Amino acid sequence: MIFRNVSLLGATGSIGRQVVEVVEEFPDRFDLVAVAAGSDVPGLASIMMRHMKAFAAVATLPPGRPAPPKGVQVGDEAVVQAATHPKANLVVVAISGAASLQPTLAALQADKDIALASKEALVVAGELVMAAAREKGRWILPIDSEHSAIWQCRWGEDLTTISGITLTGSGGPFRKLPLEKLRDVTVEDALKHPTWKMGPKITIDSATMMNKALEVIELHHLFDIPYDKMHVVIHPQSVIHSMVDFVDGTTKAVLGYPDMRVPISITLGYPERLFRHPKTLRLEEIKKLEFQAVDPKRYPAIELGFEAGRRGKTYPAVLNAANEVAVQRFVEGQLTFDQIVPAVTDALEAHNPVNVDSLETLMEADAWARNRVGALAV
């Protein structure tokens, strides 16, 4: 039985809370030795009450709070300390956005294996992250449900016999909404995902399907899959989490109810499966599984992901940063829902790419894209 000392980055977010849940379900398998959050001091304090020996950090203090509670370190360097904690042998990266880059790279340089829930680390800095993992001989294990499914389908297979990958996506809450009504979508509407319970940013990304745009780039780096071998299909029930095609005409799929604790437990327990006893999938209860081709007019974000990934260089960093700002502006009422993807498209078309040679280069492209979208007229 493998025992893991876990450092959890993004501990108070949707994924982070579920990681804590799985860790606490198996105290004989896992120990939480470090936790980090963005600015949610109360949420972090709640975890610390149950894991009193864990190192704790927040990137920033919330407005109106002049000092942290006892035992909580503050600042980006404190988050890196959590990522490189000397006792940790598995670092779970569940930080949303580009903020995941520095601690992920720091953890790899410190010889830690990574359980990755943050798409952005590979979308923005895939070349740097994977090179660091290869140099140190460390694992990068996926927590994303789709990438976990693909990973499981590859177990025990001759990887040269894989002919293609199918990523599934629910289509979000506006799959059937007339296109002309997308302009009137509210933030509350966009946060009502039909099948998954996730954080607000990824829930809105699921509504635009930008999450699939990010996932194809993540998939390319994680498993070295060419873009022309990937395919995206709409699957409203979110039961088939992704599929792998083989040269003999067979296809393997991973099925299960939409529950992020499942891929979390698979990654934390790898190469063993944890005896969690969740609800078993019964297809007679589901009754039907639907699949639809992607409508490029409804979901133009997906092709943006393929385009940015194929172009490479700093294009994926611009895609991610522009989307982060566009989503935030939508949440703040400064963009309509149907303006999110066009704002990202504008940034990509205006960008002059450069080769990715350092984290600083990526941060410059990130800042450029944020300024570009932030300056758009309301």
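Predicted model: local features only at pLDDT ≥ 70, side-chain atom pairs only at ≥ 80, totals over all residues.
**Exercise 1. Burial of helix H6**

Determine how many residues of helix H6 (residues 145–154) are buried, and which elements cover them.

Solution. 
- Apply the cut-off: buried means under 20% relative accessible area.
- By this criterion, 10 of the 10 residues of H6 are buried, and the helix is mostly covered.
- The buried residues include Glu-146, His-147, Trp-151 and Arg-154.
- Among the covering strands are S7 (140–142), S8 (162–169), S10 (240–246) and S11 (251–255).
- The cover also includes helices H9 (210–223) and H10 (261–269).
- Just after H6, Gly-156 has a positive phi of about 75°.

**Exercise 2. Packing of H12 and H13**

Describe how helix H12 (residues 300–311) packs with helix H13 (residues 315–331).

Solution. 
- Two packed helices are described by the angle between their axes and the distance between the axes.
- For H12 and H13 the angle is about 145°, and the axes lie 7 Å apart.
- H12 contributes Leu-304, Gly-305, Ala-308 and Arg-311 to the contact.
- On the H13 side, these meet Tyr-315, Pro-316 and Leu-319.
- Sorted by class, the contact of H12 with H13 has 5 nonpolar, 1 polar and 1 charged residues.

**Exercise 3. A nonpolar patch**

Identify the residues that make the nonpolar surface patch of about 320 Å², and locate Leu-289.

Solution. 
- The patch is made by Leu-255, Leu-283, Leu-289 and Phe-291.
- Leu-289 sits in the loop between helix H11 (283–286) and strand S12 (292–293).
- Its relative accessible area is 30%, so Leu-289 is classed as partly exposed.

Methods
Residues numbered from 1 in each chain as written. Heavy atoms only, no water. Patch = residues over 30% accessible without salt bridge, like charges linked within 9 Å, V, L, I, M, F, W, Y side chains within 5 Å. Areas by Shrake-Rupley, 256 points an atom, 1.4 Å probe, with all protein chains shown as cover. Salt bridge = Lys/Arg side-chain N within 4 Å of Asp/Glu carboxyl O. Helix = DSSP H or I, 4+ residues; strand = E, 2+ residues; numbered from the N terminus. Buried < 20%, exposed > 50% of the residue type's maximum accessible area, 1.4 Å probe, protein only. Axes fitted to C-alpha atoms, helices over the stretch in contact; angles between N-to-C directions. Contact = heavy atoms within 4.5 Å. Nonpolar A, V, L, I, M, F, W, Y, C, P; charged D, E, K, R; others polar.
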